Amino acid sequence: MGGPLPLGDPAPVDGHLPADLDIDPAADFGVYLHVPFCRVRCGYCDFNTYTASELRGARQDDFADTLTAEVRLAAGVMDAAGGRRTASTVFFGGGTPTLLPPGDLALMLDAVRDEFGIADGAEVTVEANPDTVDDTVARTLADAGVTRLSIGMQSARPHVLAALDRTHDPLNVATAVAAARRAGLDVSVDLIYGAPGESLDDWRASLEAAVALEPDHISAYALIVEDGTKLARQIRSGVVAMPDDDLQADMYELADGLLGSAGFDWYEVSNWSRGVSHRSRHNLAYWRGTDWWGFGPGAHSHVGGLRWWNVKHPAAYAQRLAARESPAAARERPDETARRLESVLLRSRIREGLAVSEILGEGRKAVASLIADGLIEGRDAVRGRIVLTLRGRLLADAVVRALTV
């Protein structure tokens, strides 16, 4: 169920936005739809997700109707704030969106289309567990307007999947990819490295298996130990060892080299694609700081410099909407300093980087030493951009600290 929600100012019951927001009606606008259901809870997961036994008063079969009620409420809020925005990207995340019948996902997508509109050529992504995708699911999603499937492969090694509490059959990854291809969908596969008991050879096998699937996009994330998770408790009690930083660095370098030789270009620290056209436009919008509206329990939103987040539990979320109230729990309006720091944190992670002019004070003085230390590209810095080297990607947090002192 994840950690606690952040603190913030009270959100109005009707969800209305302040009148003085800096909203650009012509700018890209993303829509995120959070489906919080999972069959089992993975030991490393800190997302706002719920198994059947944890729902306590909420029903999966009512969820699509509940979320479409929030979409309708949001449309009215945007009207009052100056006008609705057409969605340039839509992303179904979770949880496991494909635990719901594909018709329910189509219903939610239709609500977005009816209330906000979806731009021609929009990227529409659905995250999926490999065991939940077959030809019928893939075709139904494609017919509804989905363009991209993001499949949670995580590893090709059964013992690594077991260490992560993943229950899918590794053979079903290829089945899911093939079904998505037959439906005409773009395909991304997600991997995790650094799991307990995973060797460098295990990781190589997973990378090679992922490349052999011929996806358009691959994400590779280092395993992070989040407080409150089963994995954190296992490490604290000595059942498993803490992920080894040096091994994870070796795994990252292996991924970058192997994926690069297979035709994938890195465009964000943990993401590679076959050319610009297959980059995740929705996630790039997050890293670039553009606006999005997040629907569903615990979902976060950002419009015109204002941020807010919904109540976490599906039952509380449904109760709010049944009463025709906004599910927003609280909101905040970061000041200029906070927004600038966040921009450095996010934009430094992507290949296009950020302008040197965005770096202020002592941070600007650090640029030369970061070049000398091999952490940022010297040629790009001369041209006015901060772009991480491979070594810089491994030490991205240190680069951000240096740039924001």
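Is Arg56 buried or exposed in this structure? Arg56 is exposed, because its relative accessible area is 58%, where exposed means over 50%, buried under 20% and partly exposed in between (1.4 Å probe, protein chains only). The structure is a predicted model, in which local features need pLDDT of at least 70 and side-chain atom pairs count only at pLDDT 80 or more, while totals for chains, interfaces and linings use all residues. Residues are numbered from 1 along each chain as its sequence is written, and side-chain values use heavy atoms, with hydrogens and water left out.

Backbone geometry is a friendly place to start. Arg56 sits in the loop between β2 (29–35) and α1 (63–80); helices (H or I, at least four residues) and strands (E, at least two) are DSSP runs, numbered from the N terminus. Although Arg56 is not a glycine, its phi is positive, at about 45°. Glu214 also has a positive phi, of about 55°, without being a glycine. Glu214 is placed in the loop between α6 and β7 (217–222), and it counts as exposed because its relative accessible area is 56%. A further backbone feature is the cis peptide bond between Gly94 and Gly95, with omega of about 15°. Gly95 belongs to the loop between β3 (87–94) and α2. As background, most residues other than glycine have a negative phi, and most peptide bonds are trans.

Charged side chains come next. Side chains of opposite charge can pair when their charged atoms come close. Across the whole structure, a search finds 20 salt bridges, each defined as a side-chain nitrogen of Lys or Arg within 4 Å of a carboxyl oxygen of Asp or Glu. One of these joins Arg59 to Asp62, with the closest N and O atoms 3.2 Å apart. Asp62 is partly exposed because its relative accessibility is 35%. Arg59 and Asp62 also belong, together with Asp61, to a network of salt bridges.

Within helix α2 (residues 102–115), Asp110 and Arg113 lie 3 residues apart, about one turn of the helix. These two residues form a salt bridge whose closest N and O atoms are 2.7 Å apart. Asp110 is partly exposed, as its relative accessible area is 34%, and Arg113 is likewise partly exposed, at 32% relative accessibility. Another salt bridge brings together the side chains of Asp256 and Arg393, at 2.8 Å from N to O. This pair links distant parts of the chain, with Asp256 in helix α8 and Arg393 in helix α14, 137 residues apart. Asp256 and Arg393 are both buried.

Asp244, Asp245, Asp246, Asp250 and Glu253 form a negative surface patch. Patches are made of residues with over 30% relative accessible area and no salt bridge, with like charges joined within 9 Å and nonpolar side chains (Val, Leu, Ile, Met, Phe, Trp, Tyr) within 5 Å. Accessible areas come from the Shrake-Rupley method with a 1.4 Å probe, and for residues only the protein chains shown count as cover. Lys and Arg count as positive and Asp and Glu as negative, while His and the chain ends are not counted; the place of a charge is taken as NZ of Lys, CZ of Arg, CG of Asp or CD of Glu. Asp244 lies in the loop between α7 (230–236) and α8 (245–261) and is partly exposed because its relative accessibility is 44%.

Several individual residues complete the picture, with contact meaning heavy atoms within 4.5 Å. Asp202, in helix α6 (residues 200–212), is buried because its relative accessible area is 9%. Leaving aside residues up to four places away in sequence, Asp202 touches Arg157, His159, Val160 and Gly197. Ser343 is part of helix α11 (residues 336–347) and is buried, given its relative accessible area of 19%. Beyond residues up to four places away in sequence, Ser343 is in contact with Ser348 and Glu358.

Arg351 occupies the loop between α11 and β14 (354–355) and is partly exposed, at 37% relative accessibility. Its contacts, not counting residues up to four places away in sequence, are Asp265, Trp266, Tyr267, Arg279 and Val387. Thr389 is located in the loop between β15 (385–386) and α14 (390–394) and counts as buried because its relative accessibility is 12%. With residues up to four places away in sequence left out, Thr389 touches Gly374, Leu375, Ile376 and Glu377.
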